[in-house]
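I opened my notebook today to look up salt bridges. Here is what I went through, entry by entry.

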Amino acid sequence: MASMRDIKRRIKSVNSTQQITKAMNLVASSKLNRAKSRFNDTKPFFEATKRVIANVVKGSKGVSSVFMQERNESGKTLVIVIAGDRGLCGGYNANVCKAALEIMAEKKSSVVITAGNKARDFFRHKNIEVAQCYRDISEKPDYIDAYIIGNKAIDMYEKGEVDEVYFVYTEFITTLTNEPGSIKLLPLDPGDFEGSEEPHSSTLTIYEPDEEAVLNYVIPKYVNTVIYGGMVESAVCELSSRMTAMDSATENAVEMIDSLNLIYNRARQGAITQEITEIVGGSNALE
């Protein structure tokens, strides 16, 4: 059995850990409120962009665009994965990486672009090619970050280095619940936009200079917008997961301290009882 000094040292160590996890919980909670505000501001913009794309796609049926053509040139699939730069957020990082692996399992060959150190480390450990890794943007992404990632993916697609592009992120459901989600970005499937167009949009739209040029201009904007929306939503999920994980860790620390205090008090009581017994025994021996 551990000595009283060891138990006391353990209590002090767990108490220090509890203070750290409690502080991290408060920091994550503060950041989460700001991330939620940004997410709520971004979502209407994403929905409006999707409606614009739906109207353009609907009004340009039969038009051939490089971003809408199925092909099989390189045999590679590009998967953009949004994860965190840090851990201590439960299963957030592992879940989104596993969702990306499920997509890759159905493909002939895959390459990834990662946002976040955890995704990069995960796929390197799996010996999967990482074309590019973007760091220090997971908790507070900007549109320029999405623009850079989107342009890299579009450049690889246009050069024929990959035949299709998928985007894997984490969908926010509630503060305590989130789940990985995926979107096929390229080639664009018109069926994904059915029902998203404006209900009273005109079918007599005139495109300048032509439908193909408009699509080739608008679709990259849509790709960048989807990536930005996913990054903002993933940031909310990462912070909510970290807040929940740290709250759970703090509660576990409290339970552990209570348990150690009980063990310490029992050991102390046993030591006192033994001392009393020795004193009584010594007194009886003197009589």
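Before anything else, I wrote down what I count as a salt bridge: a side-chain nitrogen of Lys or Arg within 4 Å of a carboxyl oxygen of Asp or Glu. I also noted that this is a predicted model.

Entry: the whole structure. My search found 13 salt bridges. Among the residues involved, Lys31, Arg86, Glu139, Glu238 and Arg242 are linked in a network.

Entry: Lys76 and Glu129. I looked up this salt bridge and found 2.9 Å between the closest N and O atoms. Lys76 sits in strand β1 and Glu129 in strand β3, so the pair ties together parts that are 53 residues apart in sequence. I then checked accessibility: Lys76 is partly exposed at 25%, and Glu129 is partly exposed at 41%.

Entry: Glu164 and Lys107. These side chains meet in a salt bridge at 3.1 Å, N to O. Glu164 belongs to strand β4, while Lys107 is in the loop between α2 and β2, 57 residues apart.

Entry: Glu164 and Lys184. I found Glu164 in a salt bridge with Lys184 too, at 3.5 Å, N to O. Glu164 is in strand β4 and Lys184 in strand β5 (residues 177–186), so this pair joins parts 20 residues apart in sequence.

Entry: accessibility around Glu164. Is Glu164 buried or exposed? Its relative accessible area is 12%, and because buried means under 20%, I noted Glu164 as buried.

Note on methods:
Residues are numbered from 1 along each chain as its sequence is written. This is a predicted model: local features need pLDDT of at least 70, side-chain atom pairs count only at pLDDT 80 or more; totals for chains, interfaces and linings use all residues. Side-chain values use heavy atoms; hydrogens and water are left out. Helices (H or I, at least four residues) and strands (E, at least two) are DSSP runs, numbered from the N terminus. Buried means under 20% relative accessible area, exposed over 50%, partly exposed in between (1.4 Å probe, protein chains only).
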